[in-house]
Amino acid sequence: MFFDRPRLNTLQKILSENIEDFCQSLSLKVKKYGDGLIGPCEVHGGDGNSSLRIFTQGDVISGWVCWSKHCENKFTRTLIGLARGVISNKKYDWPNSDKIATLDEAIDFCCNFLGIKFLDIKPEEYNEDKHNFVQSINTAHKIKINGKYICNKSYLMENLKVPANYFINRGYLPEILKEYCVGYCDNNKKEMYNRVVCPIFDDDGKNVVSAVARSIYEDCPKCKEYHNPDQPCLAYPKWKHLKNTKPNSYLYNYWNAKDYIIKTGKVILVEGVGDVLKLIQCGVRNVLGIFGNDLSDCQKIILERSPIYNLFLLLDNDSGGRTGMEKINNELKYLYRIKQVNWEGISQKDVGGMADEQINSHIISQF
């Protein structure tokens, strides 16, 4: 069966509308829980009464997760993926064997349950913006909030102190910070007051779609928060994102990196803004920040629409970074040639904390 995304999206919606009967057809012992369903995960054998959770988003199923074994990472979080996982368990004894059901088998099962033929599905009848996959695509392209851009570059330059001294004092070049409009917010009426704002731009690099901001203070030895040391301990996170926006729906620096990605066919993924800016300072332009150590669905879609052949993983030099690299490698290893950059002999936690000379001699040579 050929791959047909519009029909798969439509099939997913129809399954969502018949979710309880669909679960029964898969012999899932689920019950209503909040806005979704919960029960044992029959993908890996069901070792708990609440390991499987099926989520809803409005009147459409937005995905599922196995809290016990994270089976969704193997089969995708769609209902078709759930069917594929259950079939793999019942027919091929997964995870006790390596064999899993094919996508065709899962689609055939779903269509037989609905009493339809896959090729008879009419995608135009499907309201795509309700489906979580299409929602992810829309979010990946979304550049407006409430019908308006958040702001543009000229507004940032007028309302922030650019370049931010915080980053300059840590070895970042002022011209790089100006290029990326990284500046300090000294307006106590603003959401990002007393923070260094790092805006996230649309694909054209003209308008702001979100922003993350770093506290200008270091962690408190008592509470480990990043508040003013002259004030009592209080919850004050190191990084904060702009209210009502989702930074992890974007890839930091994509607006500037996309042309270099097309030219080279490769991407370097790092965790944070500082890592991106430091690599750019060292001449590496096809670098993207993922705002953590995990890739969101939207970020995966952005990568998939780009002509990438080689993917270099340069997450932080700690247990979280190593775990994140392994997870991303397992998720994307069939799409790209992936290499995890070797941190051996480097004591710094991340690229942002390294000197330019060290990056050039120990990191860039691995790309």
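## Pocket, cavity and a glutamine pair

The second largest pocket has a lining of 17 residues, and those nearest its centre are Tyr-155, Leu-156, Lys-190, Met-192 and Leu-242. Do keep in mind that this is a predicted model, where local features need pLDDT of at least 70 and side-chain atom pairs count only at pLDDT 80 or more, while totals for chains, interfaces and linings use all residues. Residues are numbered from 1 along each chain as its sequence is written, and side-chain values use heavy atoms, leaving out hydrogens and water.

**The second largest pocket**
- A pocket here is an open set of points on a 1 Å grid over the protein atoms alone, with protein on both sides within 12 Å along at least five of seven lines; lining residues have an atom within 4 Å of a point.
- The second largest pocket holds about 320 Å³ of space.
- Its lining takes at least two residues from each of α7 (153-159), β7 (195-201) and β8 (207-215).
- Twelve of the lining residues are nonpolar, three are polar and two are charged.

**The largest cavity**
- A cavity is a set of grid points where a 1.4 Å probe fits but cannot get out.
- The count comes to one cavity of 30 Å³ or more.
- About 50 Å³ of space lies in the largest cavity, and its eleven lining residues include Phe-201, Asp-203, Tyr-250, Leu-251 and Tyr-254 nearest the centre.
- β7 and α10 (254-264) each give at least two residues to this lining.

**Around Gln-358**
- Gln-358 sits in helix α14 (residues 356-363).

Notes. Grid points are joined across faces, edges and corners, and a volume is the space filled by probe spheres set on the points. Helices (H or I, at least four residues) and strands (E, at least two) are DSSP runs, numbered from the N terminus. Ala, Val, Leu, Ile, Met, Phe, Trp, Tyr, Cys and Pro count as nonpolar, Asp, Glu, Lys and Arg as charged, and the others, Gly among them, as polar.
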